[in-house]
Amino acid sequence: MKKVLVIDAQGGGIGKQLITEIVSRKLPVEITAVGSNSAATSQMLKAGAEHAATGENAVKVGCRTADFIMGPIGIAIADSMYGEITSDMACAVGQGIGQKIFIPVNHCSNYVVGVSNLNLKNLIKESVDFLADSLGD
């Protein structure tokens, strides 16, 4: 079974939506949720993650073994999400062995060109579509 690591910060809303969509599709994956804070972790755990942890070290450890790393694009940008993503967290995501699937959102002085007119619900669906297609490989 493939391991999916979902990382989020702030209130964990994007991570929660990702996990809800993955669980609703009954994809054959093991989901671990890691929040930069306990509120984000709690929301993702409620959405159906099998495992959950909080903080910088949990991100570092999770990225070492995950087959897929998912979350808002800010998880790969140091000091993003109002400073909740540390340099070490962003580095761990970037160096993680898994396929990265980022939700492109424009927040915290980061602007992703081409995203302004996209609906978050559609971005979540497209991300999980990519995950589902990748599981077939």
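Predicted model: local features only at pLDDT ≥ 70, side-chain atom pairs only at ≥ 80, totals over all residues.
Some ground rules. Residues are numbered from 1 along each chain as its sequence is written, and side-chain values use heavy atoms, with hydrogens and water left out. Local features need pLDDT of at least 70, side-chain atom pairs count only at pLDDT 80 or more, and totals for chains, interfaces and linings use all residues.

Five strands make an open sheet, ordered 3-2-1-4-5, with parallel pairing. Strands here are DSSP runs of E, at least two residues; helices are runs of H or I, at least four; both are numbered from the N terminus. Two strands pair if DSSP finds at least two bridges between them. At the edges sit strand 3 (51-54) and strand 5 (99-103), each pairing on one side only. From one strand to the next, the twist averages 20 degrees. Axes are lines fitted to C-alpha atoms, for helices over the stretch in contact; angles run from 0 to 180 degrees between N-to-C directions.

Take strand 4, residues 68-72. Strand 4 pairs with strand 5 in the parallel sense, over five bridges. In strand 5, F102 stands opposite G71.

Now the helices. Helix 1 (residues 13-24) lies across strands 1, 2, 4 and 5, at about 155 degrees to strand 1. Helix 2 (residues 38-46) lies across strands 1, 2 and 3, at about 155 degrees to strand 2. Contact means heavy atoms within 4.5 Å.

Last, S80, in helix 4 (residues 80-83). Why does S80 count as buried? Because its relative accessibility is 2%. Buried means under 20% relative accessible area, exposed over 50%, partly exposed in between, with a 1.4 Å probe and protein chains only. Leaving out residues up to four places away in sequence, S80 touches G74, I75, I85 and N110.
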